[in-house]
Amino acid sequence: MKSPKLKSNCPNPTCSTPAQDAKSAVTKHSFLMTKSGQRRRYACASCGKTFAATTGTAYERMRKSKSDFDRATQMQSEGMTKAAIARVLRVSPSTITRWLAKAGDHAAEFHKKNARLPEAIEVQLDELSCKGTGEAKNAWAYSGVEVWSRFWATLKVGRRTLGNTYIFARQLRAVLIGESKDFLVTSDCFKYYEPVMRSVFGKTPLVYVQVKNHYYRKGIRKSEKTLVLGTPDRLEDAMARSEDSRKPNTAYIERLNLHKRMCCSMLRRRTPAPGRSCARFKEALDLVRVFYNFVTPHGSLKFGKVKRTPAMQAGIFDRPLTFREIFSWVPPAKPKWGAKSCGDNGIRILR
Ligand SMILES: [Zn+2]
(Lines give C-alpha, C1' and ligand atoms only; values in the text may rest on other atoms or scores of the structure.)
Protein backbone atom coordinates (compact mmCIF):
# COMPACT_ATOMS: atom_id res chain seq x y z
CA MET A 1 0.00 0.00 0.00
CA LYS A 2 1.22 3.48 -0.84
CA SER A 3 1.34 6.54 1.38
CA PRO A 4 -2.09 7.86 2.37
CA LYS A 5 -0.73 11.42 2.55
CA LEU A 6 -2.27 13.87 0.15
CA LYS A 7 0.35 15.95 -1.57
CA SER A 8 -0.79 19.56 -1.73
CA ASN A 9 0.94 22.15 -3.87
CA CYS A 10 2.04 25.75 -3.34
CA PRO A 11 -0.91 27.90 -4.55
CA ASN A 12 1.34 30.42 -6.30
CA PRO A 13 1.04 29.90 -10.11
CA THR A 14 4.66 30.86 -10.77
CA CYS A 15 6.16 28.69 -7.99
CA SER A 16 8.13 25.71 -9.23
CA THR A 17 8.21 23.60 -6.01
CA PRO A 18 7.12 20.03 -6.83
CA ALA A 19 4.19 18.60 -4.80
CA GLN A 20 6.36 16.20 -2.74
CA ASP A 21 8.48 19.12 -1.45
CA ALA A 22 5.64 21.64 -1.03
CA LYS A 23 4.78 20.41 2.47
CA SER A 24 8.26 21.19 3.81
CA ALA A 25 8.49 24.43 1.80
CA VAL A 26 5.26 25.86 3.33
CA THR A 27 5.73 27.27 6.85
CA LYS A 28 3.70 29.33 9.32
CA HIS A 29 4.13 33.04 8.71
CA SER A 30 2.01 35.61 10.57
CA PHE A 31 -1.52 36.45 11.70
CA LEU A 32 -4.21 38.42 9.90
CA MET A 33 -6.60 40.29 12.21
CA THR A 34 -10.27 39.91 11.22
CA LYS A 35 -13.58 40.83 12.88
CA SER A 36 -13.99 37.27 14.17
CA GLY A 37 -10.42 36.92 15.48
CA GLN A 38 -6.99 36.22 14.07
CA ARG A 39 -6.31 33.99 11.09
CA ARG A 40 -3.02 32.24 10.41
CA ARG A 41 -1.14 33.03 7.21
CA TYR A 42 1.42 30.73 5.61
CA ALA A 43 4.54 31.36 3.53
CA CYS A 44 6.30 29.31 0.87
CA ALA A 45 10.07 29.13 1.49
CA SER A 46 10.68 28.45 -2.18
CA CYS A 47 8.89 31.42 -3.80
CA GLY A 48 8.51 33.68 -0.73
CA LYS A 49 4.76 34.32 -1.25
CA THR A 50 2.36 34.32 1.69
CA PHE A 51 -1.20 33.00 1.64
CA ALA A 52 -4.16 32.02 3.84
CA ALA A 53 -4.95 28.44 4.91
CA THR A 54 -7.75 28.18 2.34
CA THR A 55 -5.92 29.73 -0.64
CA GLY A 56 -6.09 27.34 -3.60
CA THR A 57 -8.56 24.98 -1.88
CA ALA A 58 -12.28 24.66 -2.68
CA TYR A 59 -13.05 26.73 0.45
CA GLU A 60 -11.27 29.86 -0.79
CA ARG A 61 -13.21 33.13 -0.24
CA MET A 62 -16.22 31.39 1.32
CA ARG A 63 -18.40 33.30 3.77
CA LYS A 64 -20.32 30.28 5.09
CA SER A 65 -18.69 27.50 7.13
CA LYS A 66 -16.73 24.63 5.63
CA SER A 67 -19.20 22.14 7.10
CA ASP A 68 -22.09 23.75 5.17
CA PHE A 69 -20.08 23.33 1.98
CA ASP A 70 -19.27 19.69 2.81
CA ARG A 71 -22.90 18.96 3.62
CA ALA A 72 -24.09 20.54 0.35
CA THR A 73 -21.69 18.39 -1.69
CA GLN A 74 -22.61 15.25 0.21
CA MET A 75 -26.35 15.90 -0.22
CA GLN A 76 -25.82 16.36 -3.96
CA SER A 77 -23.90 13.06 -4.10
CA GLU A 78 -26.77 11.34 -2.31
CA GLY A 79 -29.22 12.43 -5.02
CA MET A 80 -30.85 15.60 -3.62
CA THR A 81 -31.79 18.45 -5.96
CA LYS A 82 -30.17 21.87 -5.60
CA ALA A 83 -33.47 23.42 -4.50
CA ALA A 84 -33.82 20.81 -1.73
CA ILE A 85 -30.23 21.38 -0.54
CA ALA A 86 -30.87 25.15 -0.47
CA ARG A 87 -33.97 24.62 1.68
CA VAL A 88 -32.16 22.30 4.13
CA LEU A 89 -29.12 24.57 4.57
CA ARG A 90 -31.18 27.79 4.39
CA VAL A 91 -28.99 29.40 1.76
CA SER A 92 -29.93 30.71 -1.67
CA PRO A 93 -30.17 28.20 -4.56
CA SER A 94 -27.72 30.31 -6.58
CA THR A 95 -25.14 29.94 -3.78
CA ILE A 96 -25.62 26.17 -3.89
CA THR A 97 -25.17 26.20 -7.68
CA ARG A 98 -21.94 28.18 -7.30
CA TRP A 99 -20.61 25.90 -4.53
CA LEU A 100 -21.38 22.74 -6.47
CA ALA A 101 -19.71 24.08 -9.64
CA LYS A 102 -16.59 24.86 -7.59
CA ALA A 103 -16.70 21.48 -5.84
CA GLY A 104 -17.18 19.64 -9.17
CA ASP A 105 -14.15 21.36 -10.75
CA HIS A 106 -12.05 20.66 -7.66
CA ALA A 107 -13.17 17.01 -7.64
CA ALA A 108 -12.24 16.63 -11.32
CA GLU A 109 -8.78 18.06 -10.65
CA PHE A 110 -8.33 15.79 -7.62
CA HIS A 111 -9.27 12.76 -9.67
CA LYS A 112 -6.96 13.70 -12.52
CA LYS A 113 -3.97 13.98 -10.18
CA ASN A 114 -4.66 10.89 -8.05
CA ALA A 115 -6.33 8.27 -10.27
CA ARG A 116 -3.93 5.64 -11.56
CA LEU A 117 -4.35 1.92 -12.10
CA PRO A 118 -1.00 0.18 -12.51
CA GLU A 119 -2.45 -3.34 -12.66
CA ALA A 120 -5.78 -3.35 -14.48
CA ILE A 121 -7.34 -6.78 -15.02
CA GLU A 122 -10.74 -6.12 -16.56
CA VAL A 123 -12.19 -2.81 -17.77
CA GLN A 124 -15.80 -2.28 -18.85
CA LEU A 125 -16.98 0.72 -20.89
CA ASP A 126 -20.46 2.08 -21.50
CA GLU A 127 -22.43 5.27 -22.20
CA LEU A 128 -25.43 6.45 -20.22
CA SER A 129 -28.08 8.70 -21.75
CA CYS A 130 -28.40 11.85 -19.62
CA LYS A 131 -31.84 12.89 -21.00
CA GLY A 132 -31.26 16.60 -20.40
CA THR A 133 -33.02 19.53 -22.02
CA GLY A 134 -31.80 22.44 -24.14
CA GLU A 135 -28.06 22.31 -24.80
CA ALA A 136 -27.79 18.97 -22.97
CA LYS A 137 -30.54 17.29 -24.99
CA ASN A 138 -28.30 14.67 -26.57
CA ALA A 139 -25.77 14.45 -23.73
CA TRP A 140 -24.31 11.07 -22.81
CA ALA A 141 -21.97 10.13 -19.97
CA TYR A 142 -19.18 7.79 -21.10
CA SER A 143 -17.69 5.81 -18.21
CA GLY A 144 -15.15 3.09 -17.64
CA VAL A 145 -14.85 0.88 -14.56
CA GLU A 146 -11.97 -1.40 -13.56
CA VAL A 147 -13.82 -4.48 -12.34
CA TRP A 148 -11.32 -5.98 -9.85
CA SER A 149 -10.98 -2.77 -7.82
CA ARG A 150 -14.45 -1.37 -8.82
CA PHE A 151 -12.57 1.87 -9.57
CA TRP A 152 -14.53 4.32 -11.76
CA ALA A 153 -11.58 5.21 -13.95
CA THR A 154 -12.87 7.56 -16.65
CA LEU A 155 -15.74 9.94 -17.31
CA LYS A 156 -16.57 12.04 -20.35
CA VAL A 157 -19.83 13.96 -20.79
CA GLY A 158 -20.94 15.08 -24.25
CA ARG A 159 -22.65 13.98 -27.45
CA ARG A 160 -21.80 10.57 -28.85
CA THR A 161 -19.36 11.76 -31.51
CA LEU A 162 -16.10 10.33 -32.82
CA GLY A 163 -14.14 13.18 -31.20
CA ASN A 164 -15.64 12.61 -27.75
CA THR A 165 -15.02 8.86 -28.03
CA TYR A 166 -11.35 9.63 -28.77
CA ILE A 167 -11.05 11.90 -25.73
CA PHE A 168 -12.66 9.23 -23.57
CA ALA A 169 -10.27 6.51 -24.79
CA ARG A 170 -7.22 8.73 -24.25
CA GLN A 171 -8.37 9.51 -20.71
CA LEU A 172 -8.60 5.77 -20.08
CA ARG A 173 -5.10 5.22 -21.44
CA ALA A 174 -3.75 7.95 -19.13
CA VAL A 175 -5.20 6.19 -16.05
CA LEU A 176 -3.98 2.69 -16.99
CA ILE A 177 -0.25 3.15 -16.51
CA GLY A 178 2.52 0.57 -16.87
CA GLU A 179 0.55 -2.35 -18.28
CA SER A 180 2.64 -5.42 -19.01
CA LYS A 181 0.14 -8.32 -19.08
CA ASP A 182 -2.94 -8.64 -21.27
CA PHE A 183 -6.07 -7.19 -19.72
CA LEU A 184 -9.64 -7.47 -20.88
CA VAL A 185 -11.74 -4.53 -22.12
CA THR A 186 -15.44 -5.03 -22.87
CA SER A 187 -18.02 -2.58 -24.19
CA ASP A 188 -21.24 -2.50 -26.16
CA CYS A 189 -21.28 -2.35 -29.99
CA PHE A 190 -21.32 1.45 -30.34
CA LYS A 191 -19.93 2.17 -33.84
CA TYR A 192 -17.04 4.46 -32.85
CA TYR A 193 -15.48 2.16 -30.25
CA GLU A 194 -13.78 -0.15 -32.74
CA PRO A 195 -11.77 2.45 -34.75
CA VAL A 196 -10.95 4.45 -31.61
CA MET A 197 -9.75 1.45 -29.58
CA ARG A 198 -7.62 0.25 -32.51
CA SER A 199 -6.05 3.69 -32.84
CA VAL A 200 -5.53 4.53 -29.15
CA PHE A 201 -4.69 1.06 -27.76
CA GLY A 202 -2.99 -0.43 -30.84
CA LYS A 203 0.33 -0.99 -29.03
CA THR A 204 -1.04 -1.72 -25.53
CA PRO A 205 -1.31 -5.39 -24.47
CA LEU A 206 -5.07 -5.75 -24.23
CA VAL A 207 -7.88 -7.95 -25.45
CA TYR A 208 -10.98 -6.05 -26.56
CA VAL A 209 -14.38 -7.74 -26.80
CA GLN A 210 -17.70 -6.18 -27.85
CA VAL A 211 -20.78 -7.61 -26.16
CA LYS A 212 -24.27 -7.31 -27.63
CA ASN A 213 -27.09 -8.24 -25.28
CA HIS A 214 -30.56 -9.25 -26.51
CA TYR A 215 -33.21 -8.56 -23.88
CA TYR A 216 -36.53 -10.27 -23.32
CA ARG A 217 -38.89 -9.38 -20.46
CA LYS A 218 -36.26 -7.37 -18.51
CA GLY A 219 -33.70 -10.21 -18.65
CA ILE A 220 -30.82 -11.01 -20.98
CA ARG A 221 -32.00 -13.70 -23.43
CA LYS A 222 -28.84 -13.96 -25.49
CA SER A 223 -25.40 -12.35 -25.41
CA GLU A 224 -23.29 -12.13 -28.61
CA LYS A 225 -19.54 -11.54 -28.22
CA THR A 226 -17.14 -10.28 -30.89
CA LEU A 227 -13.37 -10.34 -30.39
CA VAL A 228 -12.08 -7.05 -31.86
CA LEU A 229 -8.46 -6.80 -30.60
CA GLY A 230 -6.33 -9.80 -29.56
CA THR A 231 -6.44 -13.53 -30.25
CA PRO A 232 -8.65 -16.29 -28.71
CA ASP A 233 -5.62 -17.62 -26.73
CA ARG A 234 -4.90 -14.20 -25.24
CA LEU A 235 -8.60 -13.82 -24.42
CA GLU A 236 -8.47 -17.12 -22.53
CA ASP A 237 -5.40 -15.95 -20.55
CA ALA A 238 -7.07 -12.61 -19.74
CA MET A 239 -10.26 -14.39 -18.61
CA ALA A 240 -8.20 -16.70 -16.38
CA ARG A 241 -6.79 -13.63 -14.56
CA SER A 242 -10.28 -12.19 -13.93
CA GLU A 243 -11.72 -13.19 -10.55
CA ASP A 244 -15.11 -11.57 -11.15
CA SER A 245 -16.29 -12.62 -14.62
CA ARG A 246 -16.49 -16.08 -16.15
CA LYS A 247 -17.22 -14.71 -19.63
CA PRO A 248 -16.98 -11.22 -21.18
CA ASN A 249 -19.89 -9.06 -19.97
CA THR A 250 -20.86 -5.46 -19.20
CA ALA A 251 -22.72 -6.16 -15.94
CA TYR A 252 -20.42 -4.14 -13.64
CA ILE A 253 -20.56 -0.93 -15.68
CA GLU A 254 -24.35 -1.26 -15.92
CA ARG A 255 -24.48 -1.56 -12.13
CA LEU A 256 -22.38 1.63 -11.92
CA ASN A 257 -24.83 3.33 -14.31
CA LEU A 258 -27.64 2.53 -11.88
CA HIS A 259 -25.54 4.05 -9.07
CA LYS A 260 -25.14 7.21 -11.15
CA ARG A 261 -28.89 7.44 -11.71
CA MET A 262 -29.56 7.03 -7.98
CA CYS A 263 -26.88 9.52 -6.86
CA CYS A 264 -27.50 12.34 -9.33
CA SER A 265 -30.91 14.01 -9.23
CA MET A 266 -30.57 15.18 -12.86
CA LEU A 267 -30.16 11.59 -14.08
CA ARG A 268 -33.24 10.15 -12.36
CA ARG A 269 -35.92 8.88 -14.70
CA ARG A 270 -38.92 11.28 -14.87
CA THR A 271 -36.97 13.88 -12.86
CA PRO A 272 -38.59 17.26 -12.17
CA ALA A 273 -35.16 18.91 -12.56
CA PRO A 274 -33.44 17.75 -15.80
CA GLY A 275 -29.94 19.07 -16.57
CA ARG A 276 -29.72 21.98 -19.00
CA SER A 277 -26.03 21.93 -19.92
CA CYS A 278 -23.24 19.37 -20.28
CA ALA A 279 -21.13 21.37 -17.81
CA ARG A 280 -23.75 20.85 -15.04
CA PHE A 281 -23.83 17.10 -15.74
CA LYS A 282 -20.06 16.92 -15.64
CA GLU A 283 -19.79 18.84 -12.36
CA ALA A 284 -22.41 16.62 -10.71
CA LEU A 285 -20.86 13.38 -11.99
CA ASP A 286 -17.31 14.44 -11.06
CA LEU A 287 -18.52 14.91 -7.51
CA VAL A 288 -20.36 11.57 -7.48
CA ARG A 289 -17.22 9.89 -8.84
CA VAL A 290 -14.88 11.26 -6.18
CA PHE A 291 -17.43 10.30 -3.51
CA TYR A 292 -17.70 6.78 -4.97
CA ASN A 293 -13.96 6.17 -5.54
CA PHE A 294 -12.35 7.77 -2.49
CA VAL A 295 -14.93 8.38 0.24
CA THR A 296 -17.53 5.59 0.54
CA PRO A 297 -16.52 1.96 1.22
CA HIS A 298 -17.87 -0.33 -1.51
CA GLY A 299 -20.38 -3.03 -0.55
CA SER A 300 -18.62 -5.76 -2.52
CA LEU A 301 -15.11 -4.89 -1.25
CA LYS A 302 -15.62 -6.34 2.21
CA PHE A 303 -12.73 -8.24 3.78
CA GLY A 304 -13.69 -9.49 7.24
CA LYS A 305 -14.65 -6.42 9.23
CA VAL A 306 -12.87 -4.04 6.86
CA LYS A 307 -14.72 -2.44 3.96
CA ARG A 308 -12.50 -0.83 1.35
CA THR A 309 -13.12 2.04 -1.02
CA PRO A 310 -12.27 1.41 -4.71
CA ALA A 311 -9.19 3.67 -4.28
CA MET A 312 -7.97 1.46 -1.39
CA GLN A 313 -8.47 -1.67 -3.47
CA ALA A 314 -6.53 -0.06 -6.34
CA GLY A 315 -3.66 0.76 -3.93
CA ILE A 316 -3.93 4.55 -4.24
CA PHE A 317 -4.75 5.34 -0.57
CA ASP A 318 -4.80 3.04 2.46
CA ARG A 319 -7.91 4.48 4.14
CA PRO A 320 -11.20 6.16 3.12
CA LEU A 321 -10.81 9.92 2.62
CA THR A 322 -13.28 12.60 3.72
CA PHE A 323 -14.73 15.45 1.67
CA ARG A 324 -12.90 17.87 3.99
CA GLU A 325 -9.52 16.34 3.05
CA ILE A 326 -10.33 16.37 -0.66
CA PHE A 327 -11.54 19.98 -0.70
CA SER A 328 -8.60 21.14 1.49
CA TRP A 329 -6.12 19.71 -1.01
CA VAL A 330 -4.32 22.37 -3.07
CA PRO A 331 -4.08 21.46 -6.77
CA PRO A 332 -1.15 22.67 -8.87
CA ALA A 333 -1.90 26.35 -9.57
CA LYS A 334 -2.97 27.36 -13.05
CA PRO A 335 -1.44 30.44 -14.67
CA LYS A 336 -3.84 33.34 -14.13
CA TRP A 337 -2.81 35.77 -16.80
CA GLY A 338 -1.63 35.44 -20.39
CA ALA A 339 -2.83 31.88 -20.79
CA LYS A 340 -6.11 30.25 -21.60
CA SER A 341 -7.23 26.67 -21.22
CA CYS A 342 -8.08 24.74 -24.35
CA GLY A 343 -10.66 22.26 -23.11
CA ASP A 344 -10.39 18.63 -22.08
CA ASN A 345 -6.87 17.74 -23.08
CA GLY A 346 -5.52 20.20 -20.49
CA ILE A 347 -3.05 21.84 -22.89
CA ARG A 348 -2.79 25.57 -22.30
CA ILE A 349 -1.99 27.94 -25.11
CA LEU A 350 0.13 31.00 -24.32
CA ARG A 351 -1.11 34.07 -26.12
ZN1 LIG B 1 5.80 28.52 -3.61
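**Terms and their cut-offs**

Biologist: Why is tyrosine 192 called partly exposed?

Modeller: Its relative accessibility is 24%. Buried means under 20% relative accessible area and exposed over 50%, with partly exposed in between (1.4 Å probe, protein chains only); tyrosine 192 therefore counts as partly exposed. Phenylalanine 190, at 9%, is buried.

Biologist: On what kind of model do these values rest?

Modeller: This is a predicted model, with residues numbered from 1 along each chain as its sequence is written. Local features need pLDDT of at least 70, side-chain atom pairs count only at pLDDT 80 or more, totals for chains, interfaces and linings use all residues, and side-chain values use heavy atoms, with hydrogens and water left out.

Biologist: What makes phenylalanine 190 and tyrosine 192 an edge-to-face pair?

Modeller: Their centres are 5.5 Å apart and their planes are at 85 degrees. Rings of Phe, Tyr and Trp (its six-membered ring) pair if their centres lie within 6.5 Å; planes under 30 degrees apart count as stacked, over 60 as edge-to-face and the rest as tilted. The pair is therefore edge-to-face.

Biologist: Which geometry do phenylalanine 294 and phenylalanine 317 show?

Modeller: This pair is also edge-to-face, at 5.8 Å centre to centre and 70 degrees between the planes. Phenylalanine 294 lies in helix α9 (residues 278-295) and phenylalanine 317 in the loop between α10 (310-313) and α11 (323-328), so the pair ties together parts 23 residues apart in sequence. Helices (H or I, at least four residues) are DSSP runs, numbered from the N terminus.

Biologist: Why is the site of the zinc ion called tetrahedral?

Modeller: The donors are the SG atoms of Cys10, Cys15, Cys44 and Cys47, at 2.3 to 2.4 Å; N, O and S atoms count as donors within 2.8 Å of the metal (3.2 Å for Na, K and Ca). Four donors count as tetrahedral if all angles lie between 85 and 135 degrees. The angles here are 100 to 121 degrees, so the site is tetrahedral. Cysteine 44 is buried at 2%, whereas cysteine 47 is partly exposed at 29%.

Conventions
Helix = DSSP H or I, 4+ residues; strand = E, 2+ residues; numbered from the N terminus. Tetrahedral: all angles 85-135°; square planar, octahedral: opposite > 155°, others 65-115°.
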